[in-house]
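Good morning, and thank you for coming. Please look at the sequence and the model on the screen while I take you through selected helices.

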Amino acid sequence: MYTIKEVAEKMAVSEHTLRFWAKSGFFPFVKRNENNIRQFSENDLNWVRIVKCLRSVGTETKAIKRYIDLCIIGDSTIQERYEIIKNTKKKALQQMEDLKKQLELLDYKEAFYKNLIKNNLKDSWNPMNSMKPEEAAV
(Lines give C-alpha, C1' and ligand atoms only; values in the text may rest on other atoms or scores of the structure.)
Protein backbone atom coordinates (compact mmCIF):
# COMPACT_ATOMS: atom_id res chain seq x y z
CA MET A 1 0.00 0.00 0.00
CA TYR A 2 1.15 3.50 -0.84
CA THR A 3 0.41 6.91 0.66
CA ILE A 4 -0.38 9.96 -1.48
CA LYS A 5 3.22 11.12 -1.03
CA GLU A 6 4.62 7.78 -2.21
CA VAL A 7 2.27 7.67 -5.19
CA ALA A 8 3.19 11.24 -6.10
CA GLU A 9 6.88 10.35 -6.13
CA LYS A 10 6.35 7.04 -7.94
CA MET A 11 4.08 8.49 -10.64
CA ALA A 12 5.65 11.98 -11.00
CA VAL A 13 2.39 13.72 -10.09
CA SER A 14 1.96 16.29 -7.34
CA GLU A 15 0.21 15.34 -4.12
CA HIS A 16 -2.20 18.22 -4.73
CA THR A 17 -3.11 16.82 -8.15
CA LEU A 18 -3.66 13.34 -6.73
CA ARG A 19 -5.95 14.74 -4.04
CA PHE A 20 -7.92 16.67 -6.67
CA TRP A 21 -8.24 13.55 -8.80
CA ALA A 22 -9.33 11.53 -5.78
CA LYS A 23 -11.99 14.10 -4.91
CA SER A 24 -13.11 14.01 -8.56
CA GLY A 25 -13.85 10.31 -8.16
CA PHE A 26 -11.01 9.05 -10.31
CA PHE A 27 -9.83 6.47 -7.78
CA PRO A 28 -13.03 4.71 -6.74
CA PHE A 29 -11.42 1.91 -4.76
CA VAL A 30 -8.77 3.74 -2.73
CA LYS A 31 -9.17 2.85 0.94
CA ARG A 32 -8.33 4.92 3.96
CA ASN A 33 -6.51 3.66 7.02
CA GLU A 34 -7.49 4.17 10.66
CA ASN A 35 -5.98 7.69 10.51
CA ASN A 36 -8.10 8.53 7.44
CA ILE A 37 -5.02 8.53 5.18
CA ARG A 38 -5.55 7.28 1.64
CA GLN A 39 -3.86 3.96 0.94
CA PHE A 40 -3.26 3.16 -2.74
CA SER A 41 -2.91 -0.46 -3.81
CA GLU A 42 -1.04 -1.69 -6.89
CA ASN A 43 -4.42 -1.82 -8.66
CA ASP A 44 -5.07 1.81 -7.70
CA LEU A 45 -1.79 2.75 -9.37
CA ASN A 46 -3.26 1.48 -12.64
CA TRP A 47 -6.10 3.99 -12.21
CA VAL A 48 -3.51 6.72 -11.58
CA ARG A 49 -1.64 5.72 -14.77
CA ILE A 50 -4.69 5.96 -17.02
CA VAL A 51 -5.88 9.21 -15.42
CA LYS A 52 -2.41 10.73 -15.83
CA CYS A 53 -2.34 9.62 -19.45
CA LEU A 54 -5.78 11.05 -20.22
CA ARG A 55 -5.01 14.33 -18.44
CA SER A 56 -1.65 14.70 -20.20
CA VAL A 57 -3.43 15.06 -23.54
CA GLY A 58 -5.99 17.48 -22.15
CA THR A 59 -8.95 15.19 -21.49
CA GLU A 60 -11.49 17.06 -19.38
CA THR A 61 -12.36 15.96 -15.86
CA LYS A 62 -15.93 15.12 -16.86
CA ALA A 63 -14.74 12.83 -19.68
CA ILE A 64 -12.27 11.05 -17.41
CA LYS A 65 -14.98 10.49 -14.83
CA ARG A 66 -17.19 9.05 -17.58
CA TYR A 67 -14.41 6.66 -18.61
CA ILE A 68 -13.94 5.50 -15.01
CA ASP A 69 -17.67 5.08 -14.50
CA LEU A 70 -17.79 2.95 -17.65
CA CYS A 71 -14.96 0.78 -16.33
CA ILE A 72 -16.90 0.24 -13.11
CA ILE A 73 -20.06 -0.70 -15.01
CA GLY A 74 -18.09 -3.46 -16.72
CA ASP A 75 -17.65 -5.23 -20.02
CA SER A 76 -20.91 -3.99 -21.51
CA THR A 77 -19.14 -0.63 -21.95
CA ILE A 78 -16.04 -1.88 -23.76
CA GLN A 79 -17.10 -0.34 -27.10
CA GLU A 80 -17.62 3.11 -25.57
CA ARG A 81 -14.33 2.91 -23.68
CA TYR A 82 -12.61 1.88 -26.89
CA GLU A 83 -13.99 4.97 -28.63
CA ILE A 84 -12.77 7.20 -25.80
CA ILE A 85 -9.27 5.73 -25.98
CA LYS A 86 -9.23 5.85 -29.80
CA ASN A 87 -10.27 9.52 -29.81
CA THR A 88 -7.75 10.35 -27.10
CA LYS A 89 -5.00 8.67 -29.11
CA LYS A 90 -6.02 10.67 -32.18
CA LYS A 91 -5.78 13.87 -30.13
CA ALA A 92 -2.35 12.82 -28.77
CA LEU A 93 -1.07 12.12 -32.29
CA GLN A 94 -2.22 15.58 -33.42
CA GLN A 95 -0.43 17.13 -30.45
CA MET A 96 2.72 15.25 -31.44
CA GLU A 97 2.48 16.64 -34.97
CA ASP A 98 2.03 20.14 -33.57
CA LEU A 99 5.05 19.66 -31.31
CA LYS A 100 7.15 18.44 -34.26
CA LYS A 101 6.32 21.66 -36.12
CA GLN A 102 7.23 23.72 -33.08
CA LEU A 103 10.52 21.84 -32.74
CA GLU A 104 11.31 22.50 -36.40
CA LEU A 105 10.83 26.22 -35.82
CA LEU A 106 12.94 26.10 -32.66
CA ASP A 107 15.69 24.20 -34.52
CA TYR A 108 15.66 26.89 -37.21
CA LYS A 109 15.79 29.74 -34.67
CA GLU A 110 18.54 27.98 -32.71
CA ALA A 111 20.68 27.69 -35.86
CA PHE A 112 19.86 31.29 -36.77
CA TYR A 113 21.03 32.62 -33.38
CA LYS A 114 24.05 30.33 -33.36
CA ASN A 115 25.09 31.86 -36.70
CA LEU A 116 24.57 35.39 -35.36
CA ILE A 117 26.74 34.63 -32.34
CA LYS A 118 29.43 32.83 -34.36
CA ASN A 119 29.70 35.64 -36.94
CA ASN A 120 29.05 38.54 -34.54
CA LEU A 121 26.03 39.71 -36.56
CA LYS A 122 23.03 41.83 -35.64
CA ASP A 123 19.60 40.24 -35.59
CA SER A 124 18.04 41.69 -38.73
CA TRP A 125 14.70 40.07 -37.89
CA ASN A 126 14.38 41.84 -34.56
CA PRO A 127 12.18 44.94 -35.13
CA MET A 128 13.99 46.71 -32.31
CA ASN A 129 17.17 46.79 -34.42
CA SER A 130 15.49 48.82 -37.18
CA MET A 131 13.89 51.39 -34.87
CA LYS A 132 15.26 54.85 -34.25
CA PRO A 133 16.50 55.35 -30.68
CA GLU A 134 13.63 57.73 -29.83
CA GLU A 135 11.09 55.11 -31.04
CA ALA A 136 12.66 52.40 -28.91
CA ALA A 137 12.50 54.44 -25.68
CA VAL A 138 10.27 52.72 -23.20
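I begin with F20, which is found in helix α2 (residues 15-23). Helices (H or I, at least four residues) and strands (E, at least two) are DSSP runs, numbered from the N terminus. This is a predicted model: local features need pLDDT of at least 70, side-chain atom pairs count only at pLDDT 80 or more, and totals for chains, interfaces and linings use all residues. Residues are numbered from 1 along each chain as its sequence is written, and side-chain values use heavy atoms, with hydrogens and water left out.

In α2, the buried residues are L18, W21 and A22. They cover an arc of only 100 degrees around the axis, which puts them on the same side of α2; the arc is that of the directions from the helix axis to the C-beta atoms. H16 and K23 are exposed on the other side of α2. The cover over the buried residues of α2 includes α1 (4-11), β2 (38-39) and α3 (42-56), where contact means heavy atoms within 4.5 Å. G25 follows α2 and has a positive phi, near 85 degrees.

We turn to α1. Its buried residues are I4, V7, A8 and M11. Seen down the axis of α1, they fall within an arc of 100 degrees, so they line one face of the helix. Among the elements that cover them are α2, β2 and α3. A12 follows α1, and its phi is positive, near 55 degrees.

Finally, how do α4 and α5 pack? Helix α4 (residues 61-73) and helix α5 (residues 78-119) pack at an angle of about 150 degrees, with their axes 10 Å apart. That makes α4 roughly antiparallel to α5, a term for angles over 145 degrees. Axes are lines fitted to C-alpha atoms, for helices over the stretch in contact, and angles run from 0 to 180 degrees between N-to-C directions. At this contact, R66, Y67, L70 and C71 in α4 meet E80, R81, I84 and I85 in α5. The residues of the contact divide into five nonpolar, no polar and three charged, with Ala, Val, Leu, Ile, Met, Phe, Trp, Tyr, Cys and Pro counted as nonpolar, Asp, Glu, Lys and Arg as charged, and the others, Gly among them, as polar.

Note on methods:
Parallel < 35°, antiparallel > 145°, perpendicular 65-115°, else oblique. Buried < 20%, exposed > 50% of the residue type's maximum accessible area, 1.4 Å probe, protein only.
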